[in-house]
Amino acid sequence: ECKEKIDYIIHAAGIASPFYYRAYPLETLEVAITGTRKMLDLAVQHDARFVFFSSSEIYGDPDPAHVPMAESYRGNVSCQGPRACYDESKRVGETLCYIYHTSKGIHTNVIRPFNVYGPGMQERDYRVLPNFASRIKAGRPLQVYGSGKQTRTFCYITDAIVGFMLVVLRGVAGEAYNIGNPSPEISMLSLVKTIEQVSEIK
């Protein structure tokens, strides 16, 4: 039990790498559900502001008409499948924030980061940009899974942190915020071509 006064609780713990949350599905659920509940109880104890780091994955597999995502879009998520442990646990975490805000009066905010990248990413996270960087370092060709037509936008870490801090300090109680770049929407094939050009890979 913490005896010092707590003003802000930022819950950013989680297993976000697809490689690892598929390997540890129950642990992924535990962090986002039980961990969030315990942190919210701590927020009640201290009347602290609470920020939960959710994920753009709560939208699941949206149809293209909903890209870029509005906070009001409810998503297209399956509760079964290899990604479900992550997607659904983040959705439950958001629901817990909503319940604690509406029933216990806690100032909660949800942050949904969209493809944030920058220094500090782990080579073994198996995300697209560190994956490519790892292969370049090893002198190996870049690999694209699937057709390569799937698209993403990317947000540099320092830009994302500005958004994160604005939510922490000025977020409207009970609201969720999507943090990312709306454009450019780039296909994985285009990303490979761009990286090959700047890194002079043949």
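## Ground rules

Two residues are in contact when they have heavy atoms within 4.5 Å of each other. This is a predicted model, where local features need pLDDT of at least 70 and side-chain atom pairs count only at pLDDT 80 or more, while totals for chains, interfaces and linings use all residues. Residues are numbered from 1 along each chain as its sequence is written, and side-chain values use heavy atoms, with hydrogens and water left out.

## Arg-135

Let's start with Arg-135, which sits in helix α4 (residues 128–137); helices here are DSSP runs (H or I, at least four residues), strands are E runs of at least two, and both are numbered from the N terminus. Arg-135 has 14% relative accessibility, so it counts as buried (under 20% relative accessible area, with a 1.4 Å probe and protein chains only). Setting aside neighbours within four places in sequence, Arg-135 touches Arg-140, Pro-141, Leu-142 and Gln-143.

## Two cores

Now for the nonpolar cores: sets of buried Ala, Val, Leu, Ile, Met, Phe, Trp, Tyr and Cys residues joined through side-chain atoms within 4.5 Å. The largest one has 14 residues, and Ile-9, Ala-43 and Phe-50 have the most contacts inside it.

Which residues does Ile-9 meet, leaving aside its neighbours within four places in sequence? They are Met-39, Leu-42, Ala-43, Ala-48, Arg-49, Phe-50 and Val-51. There's also a second, separate core of nine residues, including Val-51, Cys-155, Ala-160 and Phe-164.

Key
Buried < 20%, exposed > 50% of the residue type's maximum accessible area, 1.4 Å probe, protein only.
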